[in-house]
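Here is a friendly tour of one protein chain. Take a look at the sequence and the model, and then follow the topics below.

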Amino acid sequence: MTCPAEIRTQIEKLTSQITPDLIAIRRWMHENPELGFEEVETSGMIQHELDKIGVSWKGGFGKTGVCATIDGGDGPCIALRADFDALPINETGNPDYKSKIAGKMHACGHDAHTAIILGVVRVLSQIDDLPGKAMFVFQPAEEGLGGARAMLADGLFDYCDPDIMLGYHNWPPLPAGTIGWHPVTAFASSDPFDIVIKGKSGHGAHPHMAKDPIVAAGALVSGLQSIVSREVAPLSAAVVTVGSIHGGSARNQIPDEVTLEGAVRTQSEDVRQTVKGAIGRIVEGIALQYGMEAEVKFLQGVPPVVNTPDILAHVVGVARDALGSDKVVELPQGSMGSEDFAEYSSRKPAAHLRIGSQHKELNTMLHRSDFDLDEACIPTAVKVLSEAIISLMLESKKA
């Protein structure tokens, strides 16, 4: 079911009216970035905006997270989630709204995400006879992949239990005014790991009297790369990255131990478990081969963001009606980046969209120090997401 024409017209008008305010909110956030679980000023701004709209909310989920609700008819509860943390990156670009805090910037567009969700709140709060309940999840600490988990641990779904979750992320490869989607996996899983290899220290001149964990670490890095090339099907996505190696303090000494830090990314649960199992086996084999002790520890990760087919199809249909089919792009592959929206989508029927945000003057990408976006992505997302929420409410009531 598409959004009724009269409601679509109302959404279009309201979105046009509030867009300057939403851009101002985004620019304020860009100037005042806060890292995960430290977003006190940002959370306060969100609460102030919700009070101005007259929408009920509760804070304290995941320290700085906020949940707002709008009660309507007896239709389902549709939740929309946005993240609002920044990154520990020094901004090298020079927009008029450049970060005022050295070493911190919104390099992933979460400032725009927050402006978008506040826009949807403002629009839906002015729709008469909303056919269901709308839930808005303002989430901290997505970058560390712990914010969603923290909100859930603090009773988010006890406070309001949604029937469907919707998420989105700005996407610089697509121009503003477009929406991207992938039919199955939107984002990959992420499983950080630490490996410690314990050898025996000694003089660099007498290696036979020591057990060199650096040599073992070199063999381990090479061995881990064989997992993707030889244990994962060629058309299945997987990445094993060792991003940090620490060991030794002097050029003429063999250290006692070496620590490796890395992460596994996959787009399906079976491949995820295959890769994690292979890492454990190879670590054990390296320890045996070199006569040392070695241990791998997997840290708390997130599963892949997998779309629920019928929910995604419905939302994509709404986007086509709202923007035109040529503005709704099926992406050739899901992202190997991770998103802790997976904590919600693994629990509830869900769909996740990419919001085209390509800057007209910058060849940039997420997490770059010169990142910026085309703010035209904000009203595009507000319109599509507002229509999608209402349409899902109506469709569920009809069913």
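Is R149 buried, partly exposed or exposed? R149 is partly exposed, with a relative accessible area of 23%; buried means under 20% relative accessible area, exposed means over 50%, and partly exposed is in between, using a 1.4 Å probe and protein chains only. Please keep in mind that this is a predicted model, in which local features need pLDDT of at least 70 and side-chain atom pairs count only at pLDDT 80 or more, while totals for chains, interfaces and linings use all residues. Residues are numbered from 1 along each chain as its sequence is written, and side-chain values use heavy atoms, with hydrogens and water left out.

**Salt bridges**

- The structure holds 20 salt bridges, where a salt bridge is a side-chain nitrogen of Lys or Arg within 4 Å of a carboxyl oxygen of Asp or Glu.
- One of them joins R122 and D21, whose closest N and O atoms are 3.3 Å apart.
- This pair links distant parts of the chain, with R122 in helix 3 (residues 110-124) and D21 in helix 1 (residues 5-31), 101 residues apart.
- Helices (H or I, at least four residues) and strands (E, at least two) are DSSP runs, numbered from the N terminus.
- D21 is partly exposed, at a relative accessible area of 38%.
- R149 pairs with E343 in a salt bridge, and their closest N and O atoms are 2.9 Å apart.
- Here too the pair links distant parts of the chain: E343 belongs to helix 9 (residues 342-345) and R149 to helix 4 (residues 147-153), 194 residues apart.
- E343 is buried, with a relative accessible area of 6%.
- Another salt bridge connects K348 with D161, with 2.5 Å between the closest N and O atoms.
- K348 sits in the loop between helix 9 and strand 17 (350-358), and D161 in the loop between helix 5 (156-159) and strand 5 (164-175), so this pair ties together parts that are 187 residues apart in sequence.
- K348 counts as buried at 18% relative accessibility, whereas D161 is partly exposed at 46%.
- A network of salt bridges links R26, R27, D111, D372 and E375.

**A look at helix 6**

- Helix 6 (residues 213-230) has 18 residues, which should span 26 Å at 1.5 Å a residue; its end C-alpha atoms are 25 Å apart, which agrees.
- The expected span of a helix is 1.5 Å times one less than its number of residues.
- Which residues of helix 6 are buried? They are P213, A216, A217, L220, G223, L224 and I227.
- Seen down the helix axis, the buried residues of helix 6 fall within an arc of 125°, so they line one face of the helix; the arc is that of the directions from the helix axis to the C-beta atoms.
- S222 and R230 are exposed on the other side of helix 6.
- The cover over the buried residues of helix 6 includes strand 8 (191-198), strand 10 (238-246), strand 11 (253-254), strand 12 (257-266) and helix 7 (269-290), and contact means heavy atoms within 4.5 Å.

**The nonpolar core**

- The largest nonpolar core has 72 residues, and those with the most contacts inside it are L80, L124, F136, F138, L166 and L353.
- A nonpolar core is a set of buried Ala, Val, Leu, Ile, Met, Phe, Trp, Tyr and Cys residues joined through side-chain atoms within 4.5 Å.
- Helix 10 (residues 377-398) gives the most to this core, with eleven residues.
- Leaving out residues up to four places away in sequence, the residues that L166 touches include I78, L80, I311, F341 and L392.
- In soluble globular proteins, nonpolar side chains tend to be buried together.

**Two residues with positive phi**

- K63 has a phi near 70°, a positive value in a residue other than glycine.
- K63 is found in the loop between strand 1 (56-61) and strand 2 (65-70), and K63 is exposed, with a relative accessible area of 65%.
- A141 is not a glycine, yet its phi is positive, at about 55°.
- A141 lies in the loop between strand 4 (133-139) and helix 4, and A141 is buried, with a relative accessible area of 4%.
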